Structure formats: C-alpha cells, structure tokens
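Please look at the sequence and the 3D view, then read on.

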Amino acid sequence: MPEFLQFLLSGITVGAVYALVALGFTIIYNASGVVNFAQGEFVMLGGMITVFTYAAGLPLPLAALIAILATAAIGVALNTLAIAPARGAPVVSLIIITIGASILIRGATQLVFDKQLHRFPAFSGDTPIAIGGATILPQSLWVISGAFAIFLLLWLFFTRTLIGRAVLATANNRVAAQLVGINTNFVMTLSFAMSAAIGALAGVLVTPITLTSYNIGLAFALKGFAAAMIGGMGNPKGALVGGLLLGILEAMTAGYISSQYKDATAFIVILVVLFAMPQGLFGSKSTDRV
Amino acid sequence: MNFNRNTALASSLALVLGFATPVFADIKIGSTISETGPASFLGDPEAKTLKMLVEEINAAGGVNGEKINLILYDDGGDPNKARTFATRLVEDDKVVAVIGGTTTGTSMAIIPVFEDAEIPFISLAGAIEIIDPVRPHTFKTPHTDRMACAKIFEDMKKNGITKIGMISGSDGFGASMHKQCLQIIGEYGIQVLADETYSPADADMTPQLTNIKSKAGVQAVLNPGFGQGPAIVTRNYAQLALGLPLYQSHGVASDGFIELAGAKAAEGVRLPGTALLVASLLPENDPQRSVVVAYKAAYEKATGKPVSTFGGYAHDALRILVDAIKRAGSTEPSAIRDAIEGTHGLVGTTGTVTMSAKDHLGLDLSAFRMLRIENGGWKIVE
C-alpha cells in the first residue's frame, strides 16, 4: 500500500507539471486555433530567467516576477513579429512558425545564458512530507496547487469574463468577432502574453523539481501537448485532467509493469483515447461553445 | 554612396585580414568538433581548449621550430556534416593529423575518411567501439564506460557489496554504460537484483526507486546516467531515505552535479572522476597534479569558465599529438601515426597514457579516482 501511494504521489507531481504546460496551450489555441509549439520554450524561459536573476542577487519572488513579465513580453513579440504579419496564412503555416520560433528562442537562450543545467532552491525547503508511508516534496505541493489555481483562473476567464468570451469568439470567426466590435488584434496580443506568462509561471514552479537548461522546452512541449490532446485541446479542464492522467499512468506503469514501458504505455493510451474520442475527453463541448 | 563606402570598407578589411594571416604553411592540424548543437556542452570546452593551447604552443616557439596551424570546423553534432568536414580537411586543407569527433556518432562517421587517407585521428568520444577493434590510424583520449564500471565494481567489492539495484537513463550514455557494466559485472561476483530505467527528461524517479527499495537484499544502487536525470535520482533517493550507498557514474563528475542535486541529498554519493575534478585535492607527489593544476588555471584564466573533463580530453589529444610530432621529428602523417602509437608515460588530465599496437587508448583504471561527496565538496576515497 505505501508503494501504491508513492506511485500515486509521484504520478500527481509529474502530472501537475504536464498539466501546467498543457494549460499554457489553451489560450493561444482558443484565440487562434494555433497549437503553439513554442509553449515549452516559455516554460524554459521562466525557469532560466529566474535562475539568472536569482543568481544576480535578487530575492526569489522578485526574480520569478521578472521572469514571468519578461517571458510575457517575449510572447507579445512573437505575436507581433511572427504571427501577426502572417495573419492570412492557414493554421498549419502558423504552427510551423511557432516551431521556428521555438528553435530561435532555444538558440538565443544558449547564447544569452549558457548551456549548463540549473536549478534554484525549492520555495519551502526540501524536507519530504510523509503521507501514509509515502513521501512528497513540498515543492510538488506548490506545483499541484499552481496547476489547480491556473485551471480555476482560466475557467473563470473563459466562462465568466467578457474578454474571455471575446477570445473564444475570435477563434470561432475572426471577421464576425470584428463585426460585433471585438478588437481581434488586442485579443491575439493578450492571448500570447497570457500564454507566455502561464508558461513562465509553470517554469518557475517546476524548476526546483525538474531542473532547467536551454533545451528542456521541447520535452515539456511534447508531454504538455500530449496531455492537452488527451483532455481536449483548448479546454482548461481537459488540460488539467489530461496532464494528471498522463502523469499517474506513467508512474503506475513504471511502478507495476516496467519502467521500460513507461513512455510506450502513455502513447498507447493517447492513441486509444484519440481513436475513441478524436476531440479528447472534454474537447467536443468546447468546439461549439460560442 | 553607401554602396561605395561599404565596398571600400570591405576591401580594406580584406586587406588587413590578408596581412594578418600567416603567409607560409605550418604544421596543419585539423579538427571537427561539435561546438554548437546538442553536444555543445562537450564540444564548446574542447574547441576553447584547442585554440588556447595552440596559441600557447605557438607563442612558445611552436613544435620543432614550426608553428601549428589549427583548422577547426564546427559540425554541430551532425555526423553528415562531420563527414563533409573530414573530407575537406583531408582533400582541401591537407592536414597532417586530426583531433575531433566530439560524439561517438560523429567519430564513427569520420573514422573511414582518415583510415582511407592514412592520416592519424585522435577521437574525443567515449565509446569503446572507436578503438576496439584497433584501427591503425584511430586513437582516442577519453576513458571508456567499461573502465568506469570496473572502477565502481572494484569499490563495491572492497566494501563487501555483492547485490545491487541499477537505475539507468534510457539515453545513449545511460544505455551504453548499462550494457558495458552488465558485460563485466560477473567478474566481480556482483548480482543485479533490480534493473530500472528512466527517460532523460523525466521529472520524478520515485516509482523506480520505490521498487528498488522494496527489493530485499539490495546493498547499493548504481545510476549510470547523464544530464539532469542523475541529479533528480539523487534527490528522490534522499526523499525516499533508501539509506544504501548510491553510486553515480563519471557522466556527472562535475561540481555542477553537487549544486543540482543539493549538497544535502548528494552527501555520501560515490562516483569515479578524473584528477582534473579534484586538482587541488591531489597529494603533492601525484604525477598528474602539476598537469591538471596548470591546465585548470590556464583554461579558467582564458575563458572565465570552470574547467571541464571534456576540455581535458582535447588537452590530452593535443599533448599526445605534439609529443608525437616532436619525437617523430617529421610532419609526415605515417611518422606521426607511428609516434602516437609509441606514446609512453605521457601524463595528461585523464591519466597517464601508454599506447601500444594493441591499445590505442593507453589508459588503465588508475585514470579514475573514486570520489565521495562530503559537505558539498569532493573527497578522494582510496
């Protein structure tokens, strides 16, 4: 039983990391239908900028805030310089642009910062918390609460605020949205800023656990993307559930079957889910919500 | 107007550069290294080391009165590019010897080029396949994973450990070392009771470690791995309080590892490392002491970055090559090749190199020092 609990806690920890990344995909996807493959780089930037501002002597909360704001600014720049000029292009072209942007960000990061691995101290120390014979690190609790908090905020944003609905309307039909008076350019800028900020916040939360370096973004993006696909792209609930499901699944496979098959099991489940429900677990609702 | 000014600028620049380049041919040494790309953390210090040492040697009058002309290409870790550069080094640049091949992939791709051209090549990559079987013109400086395994198993045997658990990275390094270790583990009478793996980007290894923990009879755990994996394993290991000796591999033998894992979690971790890592801890009478201290000081002064084992591989390769050219008294590739094979008792950063027709690596187990992490620093265990 303690084993099961340990696998579960591990799964939830890793799952919350995936969920945080998956949540970042949500906003840009909802505003433009684009899957932003530079999302992993936002997570990486959040961690890396915090590492270097913290090493420069700033207190951790301030370093984290600077990292989040700087990453949000980079997100806005990505939209203004690369996505907005290609506005008429099909979604596939825009997705390819984001892949290019991710390669650019990765390259720039290794020049501006360095190629080494880094971490900064956990927020509440490293003393494990014992739960029924299993243990969890305090930082995992930060990651889990972070994932839930962002989920809640996003859910409120999309269902309860006018601007959130404007984002959904822009994705559904840009011309119609403009006709009813929505400033779609502003919506796009806002969605990139928010996605980048959420990615950076995820990076700040997970770096004490996962460590960070210039090339860590791609792995984050792939797992986060997988989580978002399971849950249903664009739906915050789907991102959260998909992330946790993927994490727990991996941990249980590693624990009870074999660590060799851990990643394979995750991908088999993704295939099964997508065969049965091509929109993901929660996806179908969000497509006809507006 | 603008155009004219630019043209004038460019031509004057070309003129200056033209004057700056040496006019006569020197000893041409070629190199293809992964300065950028995924293996840049290996290739970057290697390239910096080569440039620094060549400058140093030339400032001191060169080799046998001739200056070294280093022709260095960046293959970005891509074997195809490395192969193109290798061909260019042989056919266009007409080099007399080559240092390079940062990764096993690039090294294996370019070996045939140099074997065909009969130009001596010193690889900087880890795999044993590079020198086993021995090829006439191929040499290498880094110790092999198998030697690291042997060093670890020797230490286990000394401590009466006969049953272990293994948790290996599934990346190239982890998988290769895992295989090498299992090939020789029988010679030490050690059994593997639990054999777990993790992916290089995994964030949590507690499920695997929980399974090792619940396996009765495990006396120690070995983690062949590279990058962030071993640091996370070490942190999870402390989190689960396994209370058994933890052995890490030479893949993480750096100060950065202690920082990443945290001094508290890393306390007591054992691993095989090179003399370079513990330069200041070496006893005065250690033959490697003066070499590693000098290289460390020079590198850190020249680059402002901490010295790394990988730069040390390039250091040793160039020293072996320069020593061979001096002894050969010639820059004929065949004479250099014979002289490299005759390298005897050359003290480098990775160990003391003595090559032979059967051994194109020339290191023994004394190249590794068994280290233990204590209070956030290294301690030599012998």
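What percentage of the 382 residues of chain B count as buried? The figure is 52%. Buried means that 20 or more other C-beta atoms, placed from the backbone, lie within 10 Å of the residue's own; exposed means 12 or fewer, and partly exposed is in between. This is a predicted model, where local features need pLDDT of at least 70, side-chain atom pairs count only at pLDDT 80 or more, and totals for chains, interfaces and linings use all residues. Residues are numbered from 1 along each chain as its sequence is written, while chains are lettered from A and ligands numbered from 1 in the order in which they are written.

**Confidence**

- The model scores ipTM 0.86 and pTM 0.83.
- Mean pLDDT (the predictor's confidence in each residue, from 0 to 100) is 89 for chain B, and 93% of its residues reach 70 or more.
- Two residues are in contact if their C-beta atoms, placed from the backbone, lie within 7 Å.
- Where pLDDT is low, the predicted coordinates should not be read in detail.

**Overall build of chain B**

- Chain B has 13 helices and 14 strands. These are DSSP runs, numbered from the N terminus: helices are H or I with at least four residues, strands are E with at least two.
- The radius of gyration of chain B is 22 Å, close to the 21 Å that the globule rule gives for 382 residues, so chain B is as compact as a globular protein of that length. The radius is taken over C-alpha atoms, and the rule is 2.2 Å times the number of residues to the power 0.38.
- The C-alpha trace of chain B spans about 75 × 55 × 40 Å along its principal axes.
- Among contacts in chain B with a separation of 6 or more, 67% join residues 24 or more positions apart.

**Domains of chain B**

- The domain assignment gives domain 1 (23-143 + 293-365) and domain 2 (146-273). Such bounds come from an automatic or database domain assignment.
- The contact between the two takes 7 residues from domain 1 of chain B and 9 residues from domain 2 of chain B.
- On the domain 1 side, 4 residues are nonpolar, 3 are polar and none is charged. Ala, Val, Leu, Ile, Met, Phe, Trp, Tyr, Cys and Pro count as nonpolar, Asp, Glu, Lys and Arg as charged, and the others, Gly among them, as polar.
- The C-alpha centres of domain 1 and domain 2 of chain B lie 31 Å apart.

**Interface with chain A**

- Chain B gives 27 residues to the contact, and chain A gives 26 residues.
- On chain B, the elements that give two or more residues are α2 (40-59), β7 (191-198), α7 (206-214), α8 (228-240) and α9 (255-261).
- The largest share of this side, 6 residues, comes from α7(B).
- By class, this side of chain B has 10 nonpolar, 13 polar and 4 charged residues.

**A strand pair**

- Strand β10 (residues 270-273) of chain B points R270(B) and P272(B) one way and L271(B) and G273(B) the other way; all are buried.
- 4 bridges join β10(B) to strand β13 (residues 369-374) of chain B, and the two run antiparallel. Strands pair if DSSP finds at least two bridges between them.
- L271(B) has L371(B) as its bridge partner in β13(B).

**Loop between β4 and β5 of chain B**

- I130(B) sits in this loop. I130(B) counts as buried because 24 C-beta neighbours lie inside 10 Å.
- I130(B) and L361(B) are 231 residues apart in sequence, yet 9.6 Å apart in space, C-alpha to C-alpha.
- P133(B) is found in the loop too. A cis peptide bond joins D132(B) and P133(B), with omega about 5 degrees.

**Other loop sites**

- P200(B) lies in the loop between β7 and α7 of chain B. P200(B) is partly exposed because it has 16 C-beta neighbours inside 10 Å.
- N64(B), in the loop between α2 and β2 (68-74) of chain B, has a positive phi near 50 degrees.
- E118(B), in the loop between α4 (104-117) and β4 of chain B, has a positive phi near 55 degrees.
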